[in-house]
Amino acid sequence: MTSRAVQYRRFGGPEVLEVVEREDPVPGDGQVLLAVRAAAVNPLDWKLRTGAMAGTDAPPEPTVPGYDVAGVVEAVGPGVADLAVGDEVLGKGANGSYAEKIVADAVRLVRKPAALAFEQASSVPVGATTAYRVLDLLGLGEGDHTGTTLVVDGASGAVGVYAVQLAVARGATVIGTASEKHQDDVRALGATPVVYGDGLVERVRALAPQGVDVALETAGKGALRDLVELTGSPDTVVTIADYPGAQELGVTFSSGGDPQDERRWLADAVVRLADGRFRTTTVVTYPLDEAGTAQDDNQHGRVAGKLVLVP
Ligand SMILES: NC(=O)c1ccc[n+]([C@@H]2O[C@H](COP(=O)([O-])OP(=O)(O)OC[C@H]3O[C@@H](n4cnc5c(N)ncnc54)[C@H](OP(=O)(O)O)[C@@H]3O)[C@@H](O)[C@H]2O)c1
């Protein structure tokens, strides 16, 4: 059987993405074949597509972008005991998610509750699991953190919304940066909103006379130095988006995650989404053949929310 996938054979702008008909992938050990219902765009997808992170002229083989996926299990590979054909799941794909059919490692999937639409479900995995990971790193892991004040830079973004909601659920006082137009969105998540940009340190100090204990930088837009000034130390700041800034200031840059931890965190986020304790970002859908437009819209901040491809 064949199905459609988005791929690129050379690095470049959104124009290098092409829709091709390919043989359905075959699930290997511990994998399942998914019929994709929705695949969300993450900034890493277009960062990889540009080649800026590669150091070579072209990817070694045609590359299907994407990690986040929600879909239906269509076939089960050897060694998969906990998923069956027909199960509705969300998580991360193994070799790209912008396609009608993909394989995914079962360990990277959790069941999708009926109450969560596929489009919303696909918007969750990278954002939520990253948020759980970085809060652990900041000492805001499971437990009561009443009395701790956290600043989240980029609080209306895909990672930011989960970092804010989880920290608030754990008792922390959260101040979240966003543009003017997203101040109310950040407030609705349980944080005190503040506009990012020049003068951030003074604005945050006015909102937090008690001081800021820890800070998370999710935007990669140059706020790291301000966050170190606010907490008083690089040891109490984590970034997921500013690698050079982290190197320069001695701040922890966090990436990647243990699949078992991520599965546990994703399952926890899904329970909270299903019972209304968490809300997803707004979701905007695009057909698969507009993947380039969706990536470009995300890169240039043209469309707010999580951009989701629907095959
Ligand atoms: N290292 C990791 O493990 C990891 C994991 C996930 C993501 N990331 C990285 O983290 C970054 C954010 O990812 P995402 O998926 O959350 O992106 P996103 O959903 O596109 O959100 C980006 C957010 O940045 C905000 N923003 C724009 N300009 C800003 C500024 N000058 N100061 C502060 N915030 C600003 C935007 O807020 P407004 O719309 O209000 O302007 C937007 O909500 C990306 O660089 C991504 O590659 C890293």
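View 1. A nitrogen atom of the ligand lies 2.8 Å from a polar backbone atom of S254; a polar contact is a pair of N or O atoms within 3.5 Å. A polar backbone atom of T218 is 3.4 Å from an oxygen atom of the ligand. N298 takes part through its side chain, with a polar atom placed 3.2 Å from an oxygen atom of the ligand. The model is predicted, and local features need pLDDT of at least 70, side-chain atom pairs pLDDT 80 or more, whereas totals for chains, interfaces and linings use all residues. Residues are numbered from 1 along each chain as its sequence is written, and side-chain values use heavy atoms, without hydrogens and water.

**View 2. Surroundings of the ligand.** The ligand is surrounded by 25 residues, each with a heavy atom within 4 Å of it. The closest are K47, R133, S179, H182 and Y196.

**View 3. Crossing of helices α6 and α7.** Helix α6 spans residues 200-207 and helix α7 residues 224-231; helices are DSSP runs (H or I) of at least four residues, and strands (E) of at least two, numbered from the N terminus. Their axes, lines fitted to C-alpha atoms over the stretch in contact, come within 10 Å and cross at roughly 35 degrees. L200, V201, V204 and R205 of α6 meet D226, E229 and L230 of α7, contact meaning heavy atoms within 4.5 Å.

**View 4. Annotated span.** The unreviewed UniProt entry annotates residues 12-309 as "domain: Enoyl reductase (ER)"; such annotations may be inferred rather than shown by experiment. The end C-alpha atoms of residues 12-309 lie 20 Å apart.

Key
Axes fitted to C-alpha atoms, helices over the stretch in contact; angles between N-to-C directions. Polar contact = N/O pair within 3.5 Å; in protein donor to acceptor, adjacent residues only side chain to side chain.
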